[in-house]
Amino acid sequence: MDSLTQIALGASVAAAVGFKPFGRKVLLVGAILGTLPDLDVLISYQTAIDNFTFHRGFSHSLIVLSALSVFLYRLTLYFRPQWKAYKKSLFLTILLPLITHPLLDAFTSYGTQLWWPIPVQPTSWSSIFIIDPLYTLPLLIAVLGLWLKKNTLKWYKINSVVLCISCAYLILGQAQFWYLKQKLTIDPIVKNSQVFISPTPFNIFVWRIISYQDDTYYETFSSVLNIQNTEWQAFATGRSLIKQFNSTELQRLEWFSDGLLSFSDSQGRLIATDLRIGLSLYYPFSFSIAKREQDQNWLVIPSQKMPEPEVSWEILMETLQ
């Protein structure tokens, strides 16, 4: 999720468990801890695919963040021994903003390595867009109310209600996700294919659906209200381009994207595109991974991120129609 959402969520959950014993300062603590895991973007790896796939790695691990919470908790008590009377509230004030960050990220399509360093598939429940005002704004209003208003008891209660609503919003997204997935099983396009479902930008009511097969993937847009009226568009996956090609970076990208990639030959460069993030006319994560040699074979090169295509509201609306 975007940084503003993580700041608002971190401050909100910190206030829910720590506002009464510690006051307004927990809002700042929660905001800082809530955005701390994303500081891994400051780490520059050797290649573009490494930067892409190592993000949401160790810094988003529930194992790492739980251990960090224990360390910060003990460090805080060392410098503030008077807070021993509020041990439970103090620990939760530290723990919850840290772990709710990767848990919320796991609801997006990107993929979050919740169990790093255990080498399992990144978690992606794919039921909320990375920017969703309907989720973020209520949290932000509640946090600002606690920070700015004098009637803190009233806003403390409002914050608790808003947190419950935010959880209900995530549950609603998951309910739609699983409803669509179940109903799609009767569609002949979906049979014997890998299905990917994700919300479209800024909402959880219109969904993008991919049916991925070896040489072709199909894309459509739907909602729980018009599941019977799906019209699919067919696109080539381009996998024929890599029948005689493999590389360590390609293997990692395949693992991270769960194989939902398309390939193209652009001016003698092999381009791999992650189909999970974006729309049919706009994919922000494309990587150059090889170049043509004179014998027409692919030569592995360090991956480079391709420029993101321009997008406009007109293109977005045309795609969703």
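Q: How many bridges join β5 to β6, and what makes these two strands count as a pair?
A: This is a predicted model, and in it six bridges join β5 to β6. Two strands pair if there are at least two bridges between them, so six is enough for a pair. The two strands run antiparallel.

Q: What makes β5 and β8 edge strands?
A: Let's start with the sheet. It is an open sheet of four strands in the order β5-β6-β7-β8, with antiparallel pairing. β5 (261-266) and β8 (298-305) each pair on one side only, and they are the edge strands. Neighbouring strands of this sheet are turned by 25 degrees against each other on average, direction ignored.

Q: Which helix lies across this sheet's strands?
A: That is helix α8 (residues 248-257), which lies across β5, β6, β7 and β8. Helix α8 runs at about 140 degrees to β5.

Q: Why is Arg 276 called buried?
A: Buried means under 20% relative accessible area, and Arg 276 has 5% relative accessibility, so Arg 276 counts as buried. You can find Arg 276 in the loop between β6 (269-274) and β7 (286-292). Leaving aside neighbours within four places in sequence, the residues in contact with Arg 276 include Phe 52, Tyr 110, Phe 196, Arg 208 and Leu 260.

Q: How do you know that the side chains of Arg 276 and Asp 274 make a polar contact?
A: A polar contact needs a pair of N or O atoms within 3.5 Å, and the distance here is 2.6 Å, so the pair passes that cut-off. The side chain of Arg 276 also reaches the backbone oxygen of Ser 109, at 3.0 Å.

Q: Why is strand β2 described as largely enclosed by the rest of the structure?
A: Six of the six residues of β2 (residues 207-212) are buried, so the strand is largely enclosed. Trp 207, Ile 209 and Ser 211 point one way, while Arg 208, Ile 210 and Tyr 212 point the other way.

Q: What makes β2 a partner of both β1 and β3?
A: Pairing takes at least two bridges, and β2 has six with β1 (residues 194-199), so these two pair. β2 also has six bridges with β3 (residues 216-222), so they pair as well. Both pairings are antiparallel. For example, Ile 197 has Ile 209 of β2 as its bridge partner, and Ile 210 has Glu 219 of β3. β2 and β3 form a hairpin with three residues between them.

Methods
Residues numbered from 1 in each chain as written. Predicted model: local features only at pLDDT ≥ 70, side-chain atom pairs only at ≥ 80, totals over all residues. Heavy atoms only, no water. Buried < 20%, exposed > 50% of the residue type's maximum accessible area, 1.4 Å probe, protein only. Polar contact = N/O pair within 3.5 Å; in protein donor to acceptor, adjacent residues only side chain to side chain. Contact = heavy atoms within 4.5 Å. Axes fitted to C-alpha atoms, helices over the stretch in contact; angles between N-to-C directions.
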